Amino acid sequence: MSLLSTNSSVVFVSSVVPNYILGYAAVIAFTALFFLFGGYFLNSHDIPIYWRWMNKISTMTYSYEGLLMNQYQTSDPFGINPAGQIVNGTTILKSLGISTDESKKWENVLVMLGWAVLYRIFFYIVLRFSKNQRS
């Protein structure tokens, strides 16, 4: 699902620009922004409030959270923190601001599907009504 939604966003961004070199640059820029605001480098609750919208439209956010939920939704201990408390998967998810609810994982999959469909619709609209010719 992650591949489908990301591929759809790349296709849409590429359809907006008239030149394939500009398309490469735009896709790289958007992918870097999606990674930055998707949770890889910043926790979602640490993102400034005026940039939170970027976290919601990032196709990387939902796949990253789903991956972490799949890996860490367990009460098995992973180690001990400096305060001497046992650290388990639920503690790790809570520290990252990620839900521990099982249904949230499937909600992320549906959101990725929704983004894939929406980006494909945008792609169709751009192709249908654009007067740009590729060079």
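**View 1. Helix 4 passes helix 6 in a left-handed crossing.** The model shown here and in the views that follow is predicted. Helix 4 covers residues 59–72, and its axis comes within 9 Å of the axis of helix 6. The two axes cross at roughly 160°. Since angles over 145 degrees count as roughly antiparallel, helix 4 and helix 6 are therefore roughly antiparallel to each other.

**View 2. Glu102 and Lys105 are joined by a salt bridge.** The side chains meet with an N to O distance of 3.3 Å. Both residues belong to helix 6, where they are three residues apart, so about one helical turn separates Glu102 from Lys105.

**View 3. A salt bridge links Lys104 to Glu107.** The closest N and O atoms of Lys104 and Glu107 are 3.4 Å apart. Lys104 and Glu107 are likewise three residues apart in helix 6, which means that they are separated by about one helical turn. Lys104 counts as partly exposed, at 24% relative accessibility. Glu107 is also partly exposed, and its relative accessible area is 40%. A search of the whole structure finds two salt bridges: Glu102 with Lys105, and Lys104 with Glu107.

**View 4. A nonpolar patch lies on the surface.** The residues that form the patch are Met1, Leu4, Leu110, Leu113, Val117, Leu118, Ile121, Phe122, Tyr124, Ile125 and Phe129. Together they have about 1000 Å² of accessible area. Helix 6, which spans residues 102–129, gives the most to this patch, with nine residues.

**View 5. Phe122 is one of the residues of the nonpolar patch.** Phe122 is placed in helix 6. Its relative accessible area is 33%, so Phe122 is classed as partly exposed. Other members of the patch include Leu118, Ile121 and Ile125.

Notes: Residues are numbered from 1 along each chain as its sequence is written. This is a predicted model: local features need pLDDT of at least 70, side-chain atom pairs count only at pLDDT 80 or more; totals for chains, interfaces and linings use all residues. Side-chain values use heavy atoms; hydrogens and water are left out. Patches are made of residues with over 30% relative accessible area and no salt bridge: like charges are joined within 9 Å, nonpolar side chains (Val, Leu, Ile, Met, Phe, Trp, Tyr) within 5 Å. Accessible areas come from the Shrake-Rupley method with a 1.4 Å probe; for residues, only the protein chains shown count as cover. A salt bridge is a side-chain nitrogen of Lys or Arg within 4 Å of a carboxyl oxygen of Asp or Glu. Helices (H or I, at least four residues) and strands (E, at least two) are DSSP runs, numbered from the N terminus. Buried means under 20% relative accessible area, exposed over 50%, partly exposed in between (1.4 Å probe, protein chains only). Axes are lines fitted to C-alpha atoms, for helices over the stretch in contact, and angles run from 0 to 180 degrees between N-to-C directions. Angles under 35 degrees count as roughly parallel, over 145 as roughly antiparallel, 65 to 115 as roughly perpendicular and the rest as oblique. A crossing is left-handed if the near helix is turned anticlockwise from the far one by less than a right angle, and right-handed if clockwise.
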